[in-house]
Amino acid sequence: MVASLDGFIARRDGRVDWLETSDEFVGGDTMDPEFVEAFLKTIDCYVMGSRTYETALRFEAQGFGWWYGDKPTFVLTSRELPRTRETVEFYSGDLARFVNGRLRPTYRNIWFVGGGMVSTECLRLGLANDVRYSILPILIGDGIPFFERLDRDIDLHLAEVKALQERRGGSSLRGT
Ligand SMILES: NC(=O)c1ccc[n+]([C@@H]2O[C@H](COP(=O)([O-])OP(=O)(O)OC[C@H]3O[C@@H](n4cnc5c(N)ncnc54)[C@H](OP(=O)(O)O)[C@@H]3O)[C@@H](O)[C@H]2O)c1
């Protein structure tokens, strides 16, 4: 996910308007569209929390499109939510059982889109092999944190740090 420097992925009310920053880091790498396209092809399916799904639906309704292409997209929810396309499937229940029992046998690269609640569960249950944490050069003071409170420490290995020229990542920190 993309976070503000003070660690938030959305404002308390869910808005992500601050993701549009005009800042540029001249010494940073660029990410060309071909690279992004090739990278997205490596993702086999998406998993997201219902609030993130609702944001995605709002963006789509505003004309920004559906960001997950034709890849299977699993939405975690205990509610009845609109199913706007065939690729969307809903799940409610034990996340570890779902990921290990249902998704892993079929999909190699499972991308957890977020939000904060789901990413925290993912780490807490030991389901993540790789964390991609992008930081934007902005402070928003309050919001939904990248990780909610955890009940223990989780040691990670820092695998890569990359500074980008502009949005689509800010400074990206990747650890496993
Ligand atoms: N900056 C970024 O890169 C980024 C990335 C992703 C999301 N976001 C933002 O993050 C915000 C949402 O984050 P969030 O932490 O509030 O919510 P979230 O993680 O997107 O969704 C949490 C909800 O998913 C449902 N859920 C989770 N696990 C479940 C399970 N095992 N079984 C059934 N339902 C389950 C529950 O809702 P119900 O059961 O009530 O439906 C829960 O309240 C949005 O504003 C979104 O735009 C930002």
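**Exercise 1. The ligand and its polar partners**

Which residue has a polar backbone atom 3.4 Å from an oxygen atom of the ligand? Find it in this predicted model, then describe the surroundings of the ligand.

Solution. 

Step 1. The residue is L76, whose polar backbone atom is 3.4 Å from a ligand oxygen. The cut-off for a polar contact is 3.5 Å.

Step 2. Turn to side chains. T77 places a polar side-chain atom 2.5 Å from an oxygen of the ligand. For S50, an N or O atom of the side chain is 2.8 Å from a ligand oxygen.

Step 3. Check the cover. The ligand alone exposes 940 Å², and the protein buries 86% of that.

Step 4. Take the shell. It holds 25 residues, with V2, T52, T77, S78 and G93 the closest. By class, 11 are nonpolar, 12 polar and 2 charged.

Step 5. Assign the shell to elements. At least two residues each come from β2 (8-10), α2 (50-61), β6 (110-114) and α4 (116-124). The largest share, 4 residues, belongs to α2.

**Exercise 2. The nonpolar cores**

Solution. 

Step 1. The largest core has 16 residues. V47, F74, V99, L103, I110 and F112 have the most contacts inside it.

Step 2. The contributing elements are β3 (45-49), β4 (73-76), α3 (95-103), β6 and α4. Of these, α3 gives the largest share, 4 residues.

Step 3. Follow F112. Beyond four places in sequence, F112 touches V47, L95, V99, V118 and C122.

Step 4. Look for a separate core. Another one, of 12 residues, lies apart; Y46, M48, Y68 and V113 are among its members.

**Exercise 3. Helix α4 and its ends**

Is S119 buried or exposed?

Solution. 

Step 1. S119 sits in helix α4.

Step 2. S119 has a relative accessible area of 10%, so it is buried. The threshold for buried is under 20%.

Step 3. List the contacts of S119 beyond four places in sequence: M1, F146 and F147.

Step 4. Widen to the helix. In α4, the buried residues include G116, V118, S119, T120, C122 and L123.

Step 5. Go upstream. G115 is in the loop between β6 and α4. The peptide bond from G114 to G115 is cis, with omega near -5 degrees.

Step 6. Go downstream. Just after α4, G126 has a positive phi of about 70 degrees.

Definitions and conventions:
Residues numbered from 1 in each chain as written. Predicted model: local features only at pLDDT ≥ 70, side-chain atom pairs only at ≥ 80, totals over all residues. Heavy atoms only, no water. Near = heavy atom within 4 Å. Polar contact = N/O pair within 3.5 Å; in protein donor to acceptor, adjacent residues only side chain to side chain. Areas by Shrake-Rupley, 256 points an atom, 1.4 Å probe, with all protein chains shown as cover. Nonpolar A, V, L, I, M, F, W, Y, C, P; charged D, E, K, R; others polar. Core = buried A, V, L, I, M, F, W, Y, C linked by side-chain atoms within 4.5 Å. Buried < 20%, exposed > 50% of the residue type's maximum accessible area, 1.4 Å probe, protein only. Contact = heavy atoms within 4.5 Å.
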